[in-house]
Amino acid sequence: MVTLEFEKLYSVDRIKQPCTAAIPFKKGFLADSKNLLLKDDNGPTPYQSKVTGYWDDGSVKWLFLRFLVDL
């Protein structure tokens, strides 16, 4: 499991802000991005993903994510 945390930098709540993240994975940990679940405190969150690097065994090395987050 990978945990992403976002600090609130403004005094006003910002709802559904676009975010991106590039996440590295250990060799053999993630076979493909189809088995990924992104969730927040309210449950599963929709996302778009793109594998940007693979290990020599074909597993995911780098995954680029786009999603919305409430800050």
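**Stop 1: the largest pocket**

Start by selecting Val2, Leu4, Leu38, Lys39 and Asp40: of the 26 residues lining the largest pocket, these lie nearest its centre. A pocket here is an open set of points on a 1 Å grid over the protein atoms alone, where a 1.4 Å probe fits, with protein on both sides within 12 Å along at least five of seven lines; lining residues have an atom within 4 Å of a point. Before you go on, note that this is a predicted model: local features need pLDDT of at least 70, side-chain atom pairs count only at pLDDT 80 or more, and totals for chains, interfaces and linings use all residues. Numbering runs from 1 along each chain as its sequence is written, and side-chain values use heavy atoms, with hydrogens and water left out.

The volume of this pocket is about 830 Å³, counted as the space filled by probe spheres set on the grid points, which are joined across faces, edges and corners. Now colour strand 2 (39-40) and strand 5 (60-69), each of which supplies at least two residues of the lining. Strands are DSSP runs of E, at least two residues long, numbered from the N terminus. Which strand gives the most to this lining? Strand 5 does, with five residues.

Colour the lining by class and you get 17 nonpolar, four polar and five charged residues. Nonpolar covers Ala, Val, Leu, Ile, Met, Phe, Trp, Tyr, Cys and Pro; charged covers Asp, Glu, Lys and Arg; the others, Gly among them, are polar.

**Stop 2: the second largest pocket**

Next, select Lys16, Thr45, Pro46, Phe67 and Leu68, which lie nearest the centre of the second largest pocket, lined by 14 residues. Its volume is about 180 Å³. Strand 3 (43-44), strand 4 (47-54) and strand 5 each bring at least two lining residues, and strand 5 again gives the most, with four. By class, this lining has six nonpolar, four polar and four charged residues.

Stay on Lys16, in the segment before strand 1 (17-24). Check its backbone: phi is positive, about 55 degrees, although Lys16 is not a glycine. Most residues other than glycine have a negative phi.

**Stop 3**

Strand 1 and strand 5 are joined by eight bridges.

Key. Two strands pair if DSSP finds at least two bridges between them.
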